[in-house]
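Let's take a walk through this one together, starting with the strands and ending with the rings. Have the 3D view open as you read.

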Amino acid sequence: MIVTDSSDEAGQTKGPPGQRNMVALAVYAIVVVVVVSMAVFYSFQRGGLSADIRNKATLIAPAGAGGGWDLVMREAQAIMREQKIATNIQVVNVPGAAGTIGLSRLHSMPGRADVVMVGGTGLVAGVQQTKSAVKMTDVTPVARIFEEYDVLVVPSNSPYKSVDDLVAAWKSNPHSIPFTGGGSFDQLVMAQFAKAAGIDPKNTTYIPKAGGGEVAQALVTGTAKAAFSGYADLIDQIQSGRLRGLAMAAKEPLDGVDFPTLRQLGYDVTLANWRALFGPPDISAADVKNIRDVFDEVMRTEDWAEAERNNKWTRAWLEGPELTTFIADEDRVIAGLYKELGK
């Protein structure tokens, strides 16, 4: 069939009646398909058949790849896949602004039952540091899952053989003992240690570094004289003899760790680098329970237990109103430490 342009000046089609009917039927069929598809889509949503954490999981780490938050979500992703706890699981890194860009992203997904983000002490600190418009109370706390503790270290050739040696020198001239660490959390631990030792945190010197490798380098080269950092970040440097561990900033002694706690030595330093799960705002109680159940299954596996042993994570599950109260208390503690630092 040859089709020719048969429109008149007014734009009306003057083709044969059969041709006009075929075109009309085709257009009608397309419209019907679109309308029916949209109706089915919305009926699925109304019927509660949208994705949840078990059939389409998005795990947000509000930092770059390789950090502590990323490690938590990568471990969870691998276990969910291997144990068939969930399907279609992706880890999304949203770095920047001490985790608050990721927090804002989570806040922009109200009602999404398939999204969960990891955060913790560093995120509470980040909200205060950046004056973030989105607060921790603007998203849904799901569960605290574990705590991680800092280790106090000096170079292996340091004249300070004990915590008391270090404190004596620090008290005599606080600025002469520059500390380093992996970020804002480590500075907060240093501030708590200074207070416990009778030193004004405003008089201390702190040099932030990007991670354990840079912390060790600053100590070895003499840029810093002491450091607080995550135990897992520095254990290799301690075992190799480059660094000397003096004490753990932990509530209780840890299995497999030879150092005493600062509390055992008379310094009440127990600020923990806890990790917790957060959902978007406006998710239902059933969705919160579903996320908790998924991570409870993850944490019951031997693979997760191995990750806890390797990284010195101390399980510290907390949920419900107690978790909300805990986060509010931590916010006050961290605000107080920043005030002590003059920030």
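**From the sheet to the rings**

Start with an open sheet of 5 strands, which come in the order 7-6-8-5-9 with mixed pairing. Keep in mind as you look that this is a predicted model. At the edges sit strand 7 (206-208) and strand 9 (243-249), each of which pairs on one side only. Going from one strand to the next, the twist averages 25°.

A quick reminder before zooming in: strands of a sheet pair through backbone hydrogen bonds, either parallel or antiparallel. Now find strand 5 (residues 150-155), which pairs with strand 9 in the antiparallel sense, over 6 bridges. If you want a landmark there, P155 stands opposite L243 in strand 9.

What lies across strand 5, strand 8 and strand 9? That's helix 8 (residues 231-240), and it runs at about 120° to strand 8 (226-230).

On to the aromatics. A pair of aromatic rings is described by the distance of the centres and the angle of the planes. The structure holds 10 such aromatic pairs. One of them is F146 with W304, a tilted pair at 6.4 Å centre to centre and 55° between the planes. The two partners come from distant parts of the chain, 158 residues apart: F146 belongs to strand 4 (residues 140-148) and W304 to helix 10 (residues 302-311).

Next, look at W274 and F326, an aromatic pair of the edge-to-face kind, with 5.1 Å centre to centre and 70° between the planes. W274 lies in strand 10 (residues 273-279) and F326 in helix 11 (residues 320-340), so this pair ties together parts that are 52 residues apart in sequence. Both W274 and F326 are buried.

Which residue lies over the face of F326? It's R144, at 4.6 Å from the ring centre. So F326 makes an edge-to-face pair with W274, and R144 lies over the face of the F326 ring.

One last stop is a group of rings. W170, F179, F193, F228 and Y267 form one aromatic cluster.

Methods
Residues numbered from 1 in each chain as written. Predicted model: local features only at pLDDT ≥ 70, side-chain atom pairs only at ≥ 80, totals over all residues. Heavy atoms only, no water. Phe/Tyr/Trp six-rings, centres within 6.5 Å; stacked < 30°, edge-to-face > 60°. Helix = DSSP H or I, 4+ residues; strand = E, 2+ residues; numbered from the N terminus. Buried < 20%, exposed > 50% of the residue type's maximum accessible area, 1.4 Å probe, protein only. Lys NZ or Arg CZ within 6 Å of the ring centre and 35° of its normal. Pairing = 2+ DSSP bridges. Axes fitted to C-alpha atoms, helices over the stretch in contact; angles between N-to-C directions. Contact = heavy atoms within 4.5 Å.
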